[in-house]
Amino acid sequence: MASATIAPALKQPAWTNDRNVLRVLAIVFVVFVYVLPLIDDSTKTMDFMTKAMIYVFLGMGLNVVVGYAGLLDLGYIAFYAIGAYTCGILTQAFHIPQWAAVPGVVVACIIAGIIIGGPTLRLRSDYLAIVTLGFGEIIRVTARNLTIDAPDGSPMVRGPSGMANIEQWSFGGWSFTDGLNIGGMFIREQVIFYYFVTTIALVLGVFGISRLANGRLGRAWKAVRDDEDAAEAMGINTYTTKITAYIIGAVWAGLAGQLSATQQLSIAPTSFEFLFSALILMAVVIGGMGSTPGVVLGAMFVSLVPNLLRNYEWAENRYLYFGILLVVVMLFRPKGFWPATDILPWSSEKIHKWLTARKAAKAGKDLIATEEDTYE
Amino acid sequence: MSETPRDTLLEVRDLVLRFGGVVAVDGLNMSVHAGEIVSVIGPNGAGKTSAFNCISGFYRANSGSIRFLGQSILRRQPSTITKMGMARTFQNLRLFKEMSILDNVKTGAHYRMKQHWFDALLHTPAYGKSERECEDDARYWLDFVGFKGDTSMYVTALPYGEQRRVEIARALMTKPRVLMLDEPAAGLNHSEKQGLIELIRRIQALGISIVLIEHDMGLVMDISERIIVLNYGKEIADGTPDEIRNDPLVVEAYLGTDEDEEDAE
Ligand SMILES: Nc1ncnc2c1ncn2[C@@H]1O[C@H](COP(=O)(O)OP(=O)(O)OP(=O)(O)O)[C@@H](O)[C@H]1O
Ligand SMILES: [Mg+2]
């Protein structure tokens, strides 16, 4: 009898509709990031906001692997390193513009993704964690010892010193370094770069990934994550499904690596340490695995907070605090700050119940009882 | 019924499956014809689920042959076997816990949806069309199994009996020729069981063959056209409900103890 009752479709006022609230929040966020340079275009702000948007892009890429497909990747930054080095080497060795290196970055990451994911994704996911951890270290150590000379004999990749003089993005004759004149207002390189990164992070990262997640492939990822055998029984080839998630994650990381290399205009192998992989993973986990708004917030958090705390002495040990925070979040919100199963981070169910209860009280109806067994 | 010659869809010969020393399935022979309801019964640990797992590709049989629609599927992957037209449910409900009811059912159309990843990325017309068709299909099957309610809820919000229905809808979504149900009545109350019997008959009416593992004798005797009895991995009987009911071997191995249990209730 209890099984026969199902939640009645409740008509609510539009403002309480969680989806509408989410839409408004998304619009506020997008407007904020685009208007920001008009308020504050200082080098410092632009610098760390650009970095934050790169983190968002990276976080969304890792979200595919960890959040949707449920594969634990502990060496995600390896692909970021591969992307950075590939674009650096291609542009310097062949004197091609930065955009022409994009296909090279994509192909390099696909190949690396297949080499690492191909054999390990046939195994259960614990093995993947170990292999990716090792892979991350191998790439870091390789990068530190890598020396390649340009075709003209000058040093190009210089071991621990990495690469210098990375090409800025240029299209036709115009480069970001030239700045831009719009209606008498001069926009300088950094601001253009910020807009460039923000647009890529939002379009390809945030909207692109969430669209993928809502389609046929995204459903297959989630099915594999929730129950691999049941997914197979639904006619989903779990191996190819996992490998597509892994490759998409790799490509997104590679592109983020290229963006980062062109932000710094140099590549330093020291930036590819395990801590960075852990940080992006933390962004996904504390934000909410598989949750787009969660991961965006998580990525902003792990990139901006250390920057904001830079001037305080007690913040020396910020990663220790991050560790503690991670433990606390896992204890109290194991699905992250903004779980993928909730439309809004605060308990929408409670609000929902409260509203119906109030309405019922007004109407003098005894709706509360049925509500109770609906949600059990 | 038996006069009409019916196509054999699934044919299992001398199937053997071992787990170390345990012989879970010991020389199973069975065939499933188009449009019939076959039950597989036997005491706990008789090897029923193991046999299902071999047929649906989850376990590799040690020897024997399994032919489905004229092809050997002994070494095929489970997803390939599903695409060929065999669907199954699991003994312990295995829905996708962090997906909505609708999305759970939609996964069943995965292999036949005409949608590439770039369609989803760019929201091309093909994306809209395939998603709409898939959703219509999913709603059709949810309606078919008698699910009425909010399909955007997470499956875990549903009571057990409803989850069972959703799992059957999800299996039907793969457009099977043969549907294998592993103890679909477990945990259901009396009226839900009646609903299940009626649902199984309606699935059969669509021309889908059903292989059923079930402990509920009343239900099995009621709807099966043929019953296969397993005990310790061995097949001890194969016949109509009447034949099985009167088979001394079966009564000794299975029905006797089961009736005792029912008396005790
Ligand atoms: N993965 C496994 N590894 C080892 N032994 C197994 C495995 N799966 C099943 N078995 C063994 O095989 C035998 C048959 O099990 P199976 O689950 O097929 O029985 P069943 O007929 O489905 O029983 P029930 O009615 O309880 O579901 C049992 O002895 C069981 O312990
Ligand atoms: Mg079983």
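**Figure 1. Strands β3 and β9 of chain B run side by side in parallel.** In this predicted model, 4 bridges link β3 (residues 37-41) to β9 (residues 226-231), both in chain B. Look for B:Ile41, and you'll find B:Val229 of β9(B) standing opposite. B:Val229 has another partner too: in β10(B), its bridge partner is B:Ala237. How many residues sit between the strands in the hairpin of β9(B) and β10(B)? There are 2, and in this hairpin B:Tyr232 takes a positive phi near 45°.

**Figure 2. Zooming out, we get an open sheet of 6 strands in chain B.** Reading across, the order is β6-β7-β8-β3-β9-β10, and the pairing is mixed. Which strands stand at the edges? They are β6 (86-88) and β10 (234-239) of chain B; each has a single partner strand, so one side of each has no neighbour in the sheet. Going from one strand to the next, the twist averages 15°. Helices pack on this sheet as well. One of them is α1 (residues 48-55) of chain B, which touches β3, β6, β7 (178-182), β8 (209-213) and β9 of that chain. The direction of α1(B) makes about 150° with that of β7(B). Another is α6(B), which touches β6 and β7 of chain B and makes about 155° with the direction of β7(B).

**Figure 3. Chain B also has an open sheet of 4 strands, paired in the antiparallel sense.** Here the order to follow is β2-β1-β4-β5. At the edges you'll find β2 (22-33) and β5 (71-72) of chain B, each pairing on one side only. Helix α1(B) turns up in this view too: α1(B) lies across β1 (8-19), β2 and β4 of chain B, running at about 115° to β1(B).

**Figure 4. Now let's walk through the pairs of that sheet, starting with β1(B) and β2(B), which run antiparallel.** These two strands are joined by 9 bridges. B:Phe19 stands opposite B:Val22 in β2(B). The hairpin of β1(B) and β2(B) has 2 residues between the strands, and B:Gly20 takes a positive phi near 60° there. Next come β1(B) and β4(B), antiparallel over 5 bridges. What is the bridge partner of B:Arg13 in β4(B)? It's B:Ser65. Last, β4 (residues 63-68) of chain B pairs with β5(B) over 2 bridges, again in the antiparallel sense. In that pairing, B:Phe68 has B:Gln71 of β5(B) as its bridge partner.

**Figure 5. Chain B is divided into two parts, domain 1 (1-85 + 176-265) and domain 2 (95-174).** Taken over C-alpha atoms, the centres of domain 1 and domain 2 of chain B are separated by 27 Å. The contact takes 18 residues from domain 1 of chain B and 11 residues from domain 2 of chain B.

**Figure 6. The largest cavity has a volume of about 100 Å³.** The model has 4 cavities of 30 Å³ or more. Among the residues lining the largest cavity are B:Val145, B:Arg164, B:Ile168, B:Leu188, B:Glu192 and B:Leu199. The elements giving two or more residues to this lining are α6 (160-172) and α7 (190-205) of chain B. Sorted by class, the lining has 6 nonpolar, 2 polar and 3 charged residues. Where does the largest cavity lie? Both domain 1 and domain 2 of chain B give residues to its lining, so it lies between them.

**Figure 7. Over in chain A, we meet the lining of the second largest pocket.** This pocket holds about 720 Å³ of space. Its lining takes in 30 residues, and those nearest its centre are A:Lys51, A:Tyr55, A:Gln264, A:Ser271 and A:Phe276. Elements giving two or more residues to the lining include α2 (43-68), α3 (77-94) and α9 (238-264) of chain A. The largest share, 6 residues, comes from α2(A). By class, the lining of this pocket has 15 nonpolar, 9 polar and 6 charged residues.

**Figure 8. Chain A is divided into domain 1 (26-345) and domain 2 (352-376).** The C-alpha centres of these two domains of chain A lie 45 Å apart.

Terms used. Residues numbered from 1 in each chain as written. Chains lettered and ligands numbered in written order. Predicted model: local features only at pLDDT ≥ 70, side-chain atom pairs only at ≥ 80, totals over all residues. Heavy atoms only, no water. 1 Å grid on protein atoms, 1.4 Å probe; cavity = no way out; pocket = protein on both sides within 12 Å on 5 of 7 lines; lining within 4 Å. Points joined across faces, edges and corners; volume = space filled by probe spheres on them. Nonpolar A, V, L, I, M, F, W, Y, C, P; charged D, E, K, R; others polar. Domains from an automatic or database assignment. Pairing = 2+ DSSP bridges. Axes fitted to C-alpha atoms, helices over the stretch in contact; angles between N-to-C directions. Contact = heavy atoms within 4.5 Å.
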